Amino acid sequence: PFLFVDRVVEHEGDELTAEWDVPEDLFAFEGHFPGEPVLPGVLISEFCFQAGAVLIYATSQDDQDAPGVPVLTRITDARFRRIVRPGTTLRARVRITERLANARYVDAQVTTADGAKVTRLSCVLAVAPPEGDQA
């Protein structure tokens, strides 16, 4: 119930574009805000992080073979420009800008399907070791 990437529409090298059809009955709309549903910015951000995780595994065989899961370690420069309502299709374009050990620096831009700017942010995703392998 917490997977927001519905499909990958484009992938080339260190860039990937994914879409999410925001459901009308999404759990968050029940209380955010009653009678005036608004998609929380944290869920738009999570959509970016998930698209970034898909990109990590789609980019490199080393990443595909690494045990563990990508986890968020940093968010910077998050800007929210537009309210997102139920039923909107969001499109995230994510790009790996740097690799450092197990960390991937990612830039993300989110638009509606018709190109209206919604969000931009930068983040770092690191592949965390499986449970029990942590030092």
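This is a predicted model: local features need pLDDT of at least 70, side-chain atom pairs count only at pLDDT 80 or more; totals for chains, interfaces and linings use all residues.

Modeller: Residues are numbered from 1 along each chain as its sequence is written, and side-chain values use heavy atoms, with hydrogens and water left out.

Biologist: How many salt bridges does a search of the whole structure find?

Modeller: Side chains of opposite charge can pair when their charged atoms come close. A salt bridge is counted when a side-chain nitrogen of Lys or Arg lies within 4 Å of a carboxyl oxygen of Asp or Glu. The search of the whole structure finds eight salt bridges.

Biologist: Which residue forms a salt bridge with Asp14, and where do the two partners lie?

Modeller: Helices (H or I, at least four residues) and strands (E, at least two) are DSSP runs, numbered from the N terminus. Asp14 pairs with Arg99, and their closest N and O atoms are 2.9 Å apart. Asp14 is in the loop between strand E1 (7–12) and strand E2 (15–21), whereas Arg99 is in strand E4 (residues 89–100), so the pair links distant parts of the chain, 85 residues apart.

Biologist: Which residue meets Glu15 in a salt bridge?

Modeller: The side chain of Glu15 meets that of Arg93, at 2.5 Å from N to O. Glu15 belongs to strand E2 and Arg93 to strand E4, so this pair ties together parts that are 78 residues apart in sequence. Glu15 is partly exposed, with a relative accessible area of 26%, and Arg93 is partly exposed at 39%. Elsewhere, a network of salt bridges links Arg7, Glu19, Asp21 and Arg91.

Biologist: How should I read the length of helix H1?

Modeller: The expected span of a helix is 1.5 Å times one less than its number of residues. Helix H1 (residues 41–59) has 19 residues and reaches 27 Å from its first C-alpha to its last, close to the 27 Å expected. Its buried residues include Leu43, Ile44, Phe47, Leu55 and Ile56.

Biologist: How many aromatic pairs does the structure hold?

Modeller: Rings of Phe, Tyr and Trp (its six-membered ring) pair if their centres lie within 6.5 Å; planes under 30 degrees apart count as stacked, over 60 as edge-to-face and the rest as tilted. The structure holds four aromatic pairs. In the pair of Trp20 and Phe47, the ring centres are 5.7 Å apart and the planes stand at 45°, so the pair is tilted. Trp20 lies in strand E2 and Phe47 in helix H1, so the pair ties together parts 27 residues apart in sequence. Trp20 is buried, at 2% relative accessible area, and Phe47 is buried at 0%. Phe2, Phe4, Trp20, Phe27 and Phe47 form one aromatic cluster.

Biologist: Which residues line the largest pocket?

Modeller: On a 1 Å grid over the protein atoms alone, a pocket is an open set of points with protein on both sides within 12 Å along at least five of seven lines, and lining residues have an atom within 4 Å of a point. The lining of the largest pocket consists of Arg79, Arg81, Gln109, Val110, Thr111, Lys117, Val118, Thr119 and Arg120. Strand E5 (103–112) and strand E6 (117–128) are the elements that give two or more residues to this lining, and E6 gives the most, with four residues.

Definitions and conventions
Buried means under 20% relative accessible area, exposed over 50%, partly exposed in between (1.4 Å probe, protein chains only). On a 1 Å grid over the protein atoms alone, a cavity is a set of points where a 1.4 Å probe fits but cannot get out, and a pocket is an open set with protein on both sides within 12 Å along at least five of seven lines; lining residues have an atom within 4 Å of a point.
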